[in-house]
Amino acid sequence: MVSEQNPSVIVPRFALHAYQRQVLRDILGTLALPERRVVAHLPTGAGKTRIAAHAACRILNDSDTGRSLVIWLASTEELCEQAAETLAAAWASLGQREIAVHRCWGATRLDSARLDAGFLITGLAKLRSVASQDLTLLPQLAGRTSGVIFDEAHQAVAPTYSFLIEQLCSVRPPLLGLTATPGRTANLSGADYDLAEMFNRHKVSIDAQGYDSPVTYLIQNRYLANPHFIPVAFSSQIPISDPPSGADYSLGDLDRLGRDQQRISTIIGLAKDAVQRHQRTIVFCPSVGNAVTCHSHLVADGIRSYVVTGETPADDRRVAIEVFKSDDAEHMVMLNFGVLTAGFDAPRTRCVIIARPTTSLVLYSQMVGRALRGPRAGGNATAEVYTVADTNLPGFGSVADAFTNWEELWSDMRMSSAT
């Protein structure tokens with residue numbers, strides 16, 4: 001008798017974890033409802049882009065015409081680049097026909113007459129600029145749009161962005177928002193309610209039954225690193241103004257804090273200590289000048305250090321980010337201001353130093369999330385998060401608490417809509 005052979009195993013090239021498959025099912029199920037809008041709420045590092053790429057491929061496969069476009073909107077070049085790379089990889093495994101990946105951000109141009117069917121990844125500022133010069137662009141795109149994906153969806157209710165969304169969705173294609181923070185302010189404001197209304201109060205997340213929260217589930221199952229928060233008490237003695245409700249500290253106040261010599265010394269000391277123990281450390285500085293100054297001191301002390309800010313030339317910024325994200329075994333520090341809070345994925349990062357104050361729970365969550373890639377996602381089992389906490393300014397703590405901050409908002413909205 002011939003014995004049965006062992007079965008062969010087929011490993012998919014663009015697989016999802018079980019929790020990601022659950023979220024994808026919930027996304028597609030909600031987009032099938034009459035409203036056709038939903039926010040996917042997952043912690044930073046949980047794979048929002050990968051899940052959304054599966055959804056985008058499903059939408060495009062179901063729209064088998066020669067003109068269909070799935071439009072991906074993002075606020076930064078890093079987010080756009082990440083989306084383009086992920087969509088290309090996803091379609092290579094999941095696509096059913098040949099399509100184009102159109103990139104429109106930075107210096108690239110958007111020629112609506114030459115848009116083949118496929119994915120259009122565009123920066124929000126870029127699309128707004130082009131649309132202001134060509135008033136026929138958005139109606140043309142709307143007629144071809146099979147789906148819209150908005151990365152960092154908590155920004156969607158900003159007036160200029162909401163206008164773009166409503167124009168692109170004028171013929172009611174599916175609209176999927178992605179965010180780790182489904183709100184704009186820590187204390188619920190009108191903008192938070194506007195965001196929930198924009199997505200018809202539909203939000204999906206990880207079904208974390210048996211766990212305190214999706215964050216706890218991801219940490220205990222090694223998808224996210226277990227963060228160790230280390231407050232570094234610091235009194236700047238520099239008076240700064242309380243920001244208006246819903247706003248963050250002004251650039252002028254942050255610059256004054258950044259020039260404080262004691263703060264500079266504290267940041268340099270923390271970075272020098274961290275780089276001895278961790279391959280990759282990211283420092284979120286209070287200002288451009290502070291980032292440049294700290295970088296110069298670290299380099300002078302023989303530390304492999306890079307700095308990226310909004311003023312860094314695009315090519316220099318790209319090279320620095322590529323080196324930091326590489327497999328180079330040497331330990332290094334990346335200092336930045338206003339750049340690496342979203343769309344930056346460097347799995348070797350094991351330490352984050354938050355050296356700038358913020359009233360924004362969204363920004364805080366994004367900064368912490370840069371070190372939270374866990375072992376099952378190519379990262380680390382643990383992470384260190386230093387917070388240079390001014391004793392006279394408010395701060396935040398647990399990332400799990402940050403993740404659940406807006407649950408009452410969406411729950412209340414759903415209940416009020418049913419009454």
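Select C294 and C285. The sulfur of C294 lies 5.1 Å from the sulfur of C285, its closest cysteine sulfur. A disulfide needs the two sulfur atoms within 2.5 Å, so this pair is too far apart for a bond. Keep C294 selected and look at its surroundings. C294 is buried, with a relative accessible area of 0%.

How many disulfides does a search of the whole structure find? The search finds zero.

Before going further, colour the model by confidence. This is a predicted model. Its mean pLDDT is 86, and 89% of the residues reach 70 or more. Now select residues 412-419. Here the pLDDT is below 50. In the model, this stretch has six contacts beyond near neighbours in sequence. Take care at this stop: where pLDDT is low, the predicted coordinates should not be read in detail.

Next, select helix 6, residues 159-168. Which of its residues are buried? They are Y161, S162, L164, I165 and L168. Turn the view until you look down the axis of helix 6. Its buried residues fall within an arc of 155 degrees, so they line one face of the helix.

Now pick C169. This cysteine is buried, with a relative accessible area of 5%.

Move on to R172. R172 sits in the loop between helix 6 and strand 6, which covers 175-179. Is R172 buried or partly exposed? R172 is partly exposed, at a relative accessible area of 45%. Check its backbone too. R172 is not a glycine, yet its phi is positive, about 65 degrees.

Go to N200 for another positive phi. The value at N200 is about 55 degrees, and N200 is not a glycine either. Find N200 in the loop between helix 7 (190-198) and strand 7 (203-204). N200 has 25% relative accessibility and counts as partly exposed.

For the last stop, select H102. Strand 3, residues 100-104, holds H102. At 14% relative accessibility, H102 counts as buried. What is H102 in contact with, leaving aside its neighbours within four places in sequence? Show L69, R114, L115, D116, F119, L120 and I121 around H102 to see these contacts.

How values were computed:
Residues numbered from 1 in each chain as written. Predicted model: local features only at pLDDT ≥ 70, side-chain atom pairs only at ≥ 80, totals over all residues. Heavy atoms only, no water. pLDDT = per-residue confidence, 0-100. Contact = heavy atoms within 4.5 Å. Buried < 20%, exposed > 50% of the residue type's maximum accessible area, 1.4 Å probe, protein only. Helix = DSSP H or I, 4+ residues; strand = E, 2+ residues; numbered from the N terminus. Arc of directions from axis to C-beta.
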